[in-house]
Amino acid sequence: MNEFFKYYNINDYHSTGKGWFKLVKPILEAVDRYNKEHYNIYTDEKIEIFDIKEKFGGLRISLSYYVPELEALVSEAEETSYKTCEECGAEENVSTEKITGWYKTLCDNCRKKFEEKRKEWLKS
Ligand SMILES: [Zn+2]
């Protein structure tokens, strides 16, 4: 996974759980493909991925400029993220709920673990 992100020049992928990696990967590949297909030797312009993060329980990906076909993929992934556990990638028993002030999209198992961890963390 590290190699993969190095290739795409993404250093900051710590803000979402690895369960969403499968949603992010096709977008990185599509951006890469787009950049190769539209490469302009004179301008050296490329689409960059500004940000990959979690906000209000959903995935957010921002690209450096607007390309309809890529934006469509991004919206689809963002929608799917609400049905995909951020921690383990499960697609069943997934819900977006507020846990101590934060929205998290998790499956029932990961939610239990997350809540326990949170309790431990609050105690210390
Ligand atoms: Zn899970």
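The following questions and answers go through a predicted model of one protein.

Biologist: How are residues numbered, and which pLDDT cut-offs apply?
Modeller: Residues are numbered from 1 along each chain as its sequence is written. Because this is a predicted model, local features need pLDDT of at least 70 and side-chain atom pairs count only at pLDDT 80 or more, while totals for chains, interfaces and linings use all residues.

Biologist: What is the mean pLDDT of the protein?
Modeller: pLDDT is the predictor's confidence in each residue, from 0 to 100. In this protein 88% of the residues reach 70 or more. The mean pLDDT is 87.

Biologist: Which element has the highest mean pLDDT?
Modeller: Elements here are DSSP runs numbered from the N terminus: helices (H or I, at least four residues) and strands (E, at least two). Helix α1 (residues 2-7) has the lowest mean pLDDT among them, 59. The highest, 97, belongs to α3.

Biologist: What pattern does the protein follow along the sequence?
Modeller: The protein has four helices and four strands. Read along the sequence, they give the pattern α-α-β-β-α-β-β-α.

Biologist: What percentage of the residues is buried?
Modeller: A residue is buried if 20 or more other C-beta atoms lie within 10 Å of its own, exposed if 12 or fewer, and partly exposed in between, with C-beta atoms placed from the backbone. The protein has 124 residues. The buried part of them is 20%.

Biologist: Within what arc do the buried residues of α2 fall?
Modeller: The buried residues of α2 are Leu23, Val24, Ile27 and Val31. The arc is that of the directions from the helix axis to the C-beta atoms. These buried residues line one face of α2, because they fall within an arc of 90°.

Biologist: Which residues are exposed on the other side of α2?
Modeller: The buried residues of α2 are covered by elements that include β1, β2 and α3. On the other side of α2, the exposed residues are Lys22, Pro26, Arg33, Lys36 and Glu37.

Biologist: Which elements do the buried residues of α3 pack against?
Modeller: The buried residues of α3 are Val74, Ala77 and Ser81. They cover an arc of only 65° around the axis, so they sit on the same side of α3. The face turned away from them carries the exposed residues Pro68, Glu69, Ala72 and Ser75. The elements packed against by the buried residues of α3 are α2, β2 and β4.

Biologist: How many residues of α4 are buried?
Modeller: Helix α4 (residues 108-123) has 16 residues and reaches 23 Å from its first C-alpha to its last. This helix lies largely in the open, because the number of its residues that are buried is one.

Biologist: In β2, which residue is the bridge partner of Lys53?
Modeller: Two strands pair if DSSP finds at least two bridges between them. β1 and β2 pair in the antiparallel sense over six bridges. In β2, the partner of Lys53 is Arg60.

Biologist: Which residue in the hairpin of β1 and β2 takes a positive phi?
Modeller: The hairpin has two residues between its strands.

Biologist: Which residue in the turn between β3 and β4 has a positive phi?
Modeller: β3 (94-99) and β4 (residues 102-107) run antiparallel and are joined by six bridges. The bridge partner of Ile99 in β4 is Trp102. Two residues lie between the strands of this hairpin, and the one with a positive phi, about 35°, is Thr100.

Note on methods
Contact = placed C-beta atoms within 7 Å. Expected span 1.5 Å × (residues − 1).
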